[in-house]
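Student: Hi! I'm new to this one, could you walk me through it?
Tutor: Happy to. Here it is.

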Amino acid sequence: MTGIDRAQPITFRFDGRTVQGFAGDTVASALLRAGQRLMARSFKYHRPRGVLSLGSEEPSALVTLGQGAAQTPNQRATMVELYDGLEVFSQNAWPSLAFDVQGVNDLAAPFLGAGFYYKTFMWPRRAWFRLYEPIIRRAAGLGALSGKADRGTDEKAFSFCDLLVIGAGPAGLMAALTAARAGADVILADEGAAMGGRLLYEAEAVAGKPAAEWVAEVLEELAGWPNVRLLPRTTVTGQYDHGTFAAVERLAGPPAPDRPRECFWRIAAAQSVLATGAIERLIAFPGNDRPGVMLAGAVRGYLHRYGVQAGRRVVLFANNDDAHRTARDLAAAGAEVVAVDPRADAVAQGDYALRAGAEVVATRGRTALRRVALRDGAGRVEWLEADCLAVSGGWNPNTQLACHLGAKPVWNEVVGGFVMAPDAVSDMAFAGAVMGACSTRDALAAGIAAGAKAARALGLAPVPPDPPEAEAEAGALQLLWQVAAPGRAFVDLANDVTVKDLVLAAAEGMGAPEHAKRYTTQGMAPDQGRGSNSTALAVLADATARALADAGTTTARPPFVPVSISAMGAGGAGKGFAPVRLPPAHQAALDHGAVMIEAGPWLRASHFLRAGEAGWAEACAREVGHVRGAVGVADVSTLSRFDIQGPDAAQFLTRICTNTINSLQPGQLRYSLLLREDGHLMEDGPVARLAAEHFWLFTSSGSEPAMRRHLELAAQGYWPDLRVRIFEATEAWAQFAIAGPRARDLLAGVLDALPELAFMRAARVGMGGAEGWLLRLSYSGELGYELALPARYGDAAFRALIRAAEALGGGAYGLEAMNVLRIEKGFLTHAEIDGRATADDLGLGRMLRASGGFIGADLATRPALVAPGRKQLVGLTPVSVGATLAAGGHLFVPGAPLDPENDLGHVTSACQSPTLGHAQALALLRDGRARLGETLRLWDGLRGTDQLVKVTAPTAYDTEGGRARG
């Protein structure tokens, strides 16, 4: 039963030539049916190449789709589904695929071995930048972009599930079915257009019926469950922390303006099952890359799935019993088949000739395979006419996704590949070939076990079914990685890496897998070496006289397959590229007359303009008066909030912050500083301990990305042993500052109950049934609180708080008033924390605990950071009555020349203070604390002002701090 519909012919074009296929075909299957063996040119040597495989691991048959702005290079012909009007172009060839000028590189191969550019282009020295590098860069690469703006669309999606099953072969189907029957919410994802894995490509029976028929019945049951979502054409490309997975879904059919091409999924799963199967590997022998050389399983798959016979005279070269099914099935289809098996005791499984104890040692044919040379055990060589050479060197389990979080596969001698140990990854079970279960029966049983294990981990009670009757033997295998014969034997077809290259790497001290990878580029192509890594490791192990099990592996990293940037950035045009973030109470603020401004990525209220007010200055003065005289309410939801949890969360924060956090008790807050590694001040903000293992860390609005990188580097890089998890919780909460002498009165009227809170304390509260937190802290210098509620209550809560404030003679206040309030108090923002200031510069040196042990502690005491002459935080007041101040002006001793040598510092923040009755500013001034009381010249060349100012302490209002603590 094939997967194509011959009643639906499809016409497409390949390099301008019309080709016919059928619904269900891929570009590769249609071209093979049309007799097109040559499909591409190789990366380095521009050798003719054809299709090798069936799936996303295809290293050779890479093509470009479309033209102009829609041109998309490096698409695997094995994965591109046909549609009418599809345009396909070969790539990496000029002027044509059949005659490629750069094919001359193949003749120069002896001079272009691994690392040749390190050794060849050394002289003359200047020629590297002017000649060699430009030429190499122009020659490098495969497909090309058009250079035009792509107007196609992609989309993104977010999903959550109990169980993500990755791979819908026999193991994945049974895992999904077992867990779904137990009641788990299941997502089953598979990269194929049709689910079923290798069962769709075999002449095999399951449960007494054709395998494809059994697959259809299982899928029908799964589709009928409301707790199951099937995602075909969806490749899971990466596994990340906390059960997060990335996946790319391809949408079939012609492009259309209102139709996305791909969907980038972010899936959060409590449990997962990896059932990604295995891919067949090539044997390294001279001429193993010609068009017509294919993997044996792929030849069999094209026959059964697409009705395509890859050749009429076929040679099979294989070291395992499984591959003999290809010879059997091709012979039954009418092909003339000769099987070549290096095992002396090999036995034919059908009506075909067998050369036991022999090897393939060479091939002939430039753009298509013509002849194959065999060498028997006595050393005699025989040439056979052939148009297809089906090769199988065994199977490489697809363990890459399991390794994305650091797990390492282990060598399995029986399987002849690297497999995953059962508990290598928490919350992930393994099924099928990835854990060594290679026969169909074993894969089905392993899938049932994995699905049941995941269901039990979810607290469910699965009833595992009996495995369906299926083929029980995986077939014997005798390891054969390479054939000793003259000529180039390719290991990595995608990057033209040969056995000779790897042996040279070992000889030159690059024998470690990671070193050889970088020296030869083995495994660095679009397929990430999925089909070639094991062979390369075996060659390196032999070259360095090590056992393969001890040689180690390279590190698998996401993505599992190439992912287009347009899919990862789906929706990332215009505001999608730089989205404007709106706090939960945005509309409520607009309804109260807010004038919005950009504050980092957020839109926030600058001020709330009332009827009759002339502008922002008048509104700002009124709002400052609300806070100083009655009560004001400000939306501070945009402050970056990190929810940090775990048994070692307190210890982690103590290493992050400059003061001691692990001494905080639940319900306490502490104002903290965070330094960069170089000792400079990075951020400031309060830390709240909500429970024994639960903290909130607040930093400034817009600092979230930088702080997230800082925290994750510390958690994953510096102290990976600490049991701690970090969540960005900014958008989960709405938070409002309530400040002023009547703040308690306001809260008493709106909260279900007002707790007695001392300064820098926190307690759970309710407001109209909504549960949240009340924090006692002040950024204004007045009696202050901050009320945090779940974001969905933000709009209603802000409206209620403003009504209550207005009833008490106050009202809402925005960023302008907030800025005035904090300048009056000498509080900091990033105008002062500018990346060059230290904690001591800003008068906060006492917050650096003497015992150290926090990030930046050692470098904060470098001589240059504590030497005299550093700029320190001070306040400034104008000498002339009624004068204004602005940020950016520079300070000089009166009478000193206006040049950089005499520049003493600059104004960081300034305001017109209605509370103080004059302008007030903060500045960073050289030896500022020693200059208190001095009169200096403030010169602002940009604004054209020149005046005298008096240096004061930073705090100009309520210097003792009694109002905030009262």
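**Salt bridges and their surroundings**

Tutor: Let's start with arginine 963, which forms a salt bridge with glutamate 782; their closest N and O atoms are 2.8 Å apart. The pair links distant parts of the chain, 181 residues apart: arginine 963 is in helix α24 (residues 962–965), and glutamate 782 is in the loop between β41 (770–775) and β42 (784–790). Keep in mind that this is a predicted model.

Student: Is glutamate 782 buried or exposed?
Tutor: Glutamate 782 counts as buried, because its relative accessibility is 1%. Arginine 963 is partly exposed, with a relative accessible area of 35%.

Student: How many salt bridges does the count come to?
Tutor: The count comes to 46 salt bridges. Among them is the one between the side chains of aspartate 289 and arginine 47, at 2.6 Å from N to O.

Student: Where do aspartate 289 and arginine 47 lie?
Tutor: Aspartate 289 is in the loop between β16 (278–280) and β17 (293–295), while arginine 47 is in the loop between β3 (40–41) and β4 (48–49). The pair therefore ties together parts that are 242 residues apart in sequence. Both aspartate 289 and arginine 47 are buried.

Student: Why does arginine 300 count as buried?
Tutor: Because its relative accessibility is 1%, and buried means under 20%. Glutamate 202 counts as buried too, at 13% relative accessibility.

Student: Which residues do salt bridges with shared partners join into one network?
Tutor: Arg198, Glu202, Glu204, Arg300, Asp322, Arg325 and Glu471 are joined into one network that way.

Student: OK, how many residues of helix α8 are buried?
Tutor: In helix α8 (residues 324–332), 7 of the 9 residues are buried, so the helix is mostly covered.

Student: Changing topic: where is serine 703?
Tutor: Serine 703 is in the loop between β37 (694–699) and α19 (704–718). With a relative accessibility of 9%, serine 703 counts as buried.

Student: What does serine 703 touch?
Tutor: Leaving out residues up to four places away in sequence, serine 703 touches Ser640 and Glu683. The side chains of serine 703 and glutamate 683 are also joined by a polar contact of 3.3 Å.

Student: Last one: which helix does alanine 212 lie in?
Tutor: Alanine 212 lies in helix α6 (residues 211–224), and at 14% relative accessibility alanine 212 counts as buried. From C-alpha to C-alpha, alanine 212 and tyrosine 201 are 8.4 Å apart in space, and they are 11 residues apart in sequence.

Key
Residues numbered from 1 in each chain as written. Predicted model: local features only at pLDDT ≥ 70, side-chain atom pairs only at ≥ 80, totals over all residues. Heavy atoms only, no water. Helix = DSSP H or I, 4+ residues; strand = E, 2+ residues; numbered from the N terminus. Buried < 20%, exposed > 50% of the residue type's maximum accessible area, 1.4 Å probe, protein only. Polar contact = N/O pair within 3.5 Å; in protein donor to acceptor, adjacent residues only side chain to side chain. Contact = heavy atoms within 4.5 Å. Salt bridge = Lys/Arg side-chain N within 4 Å of Asp/Glu carboxyl O.
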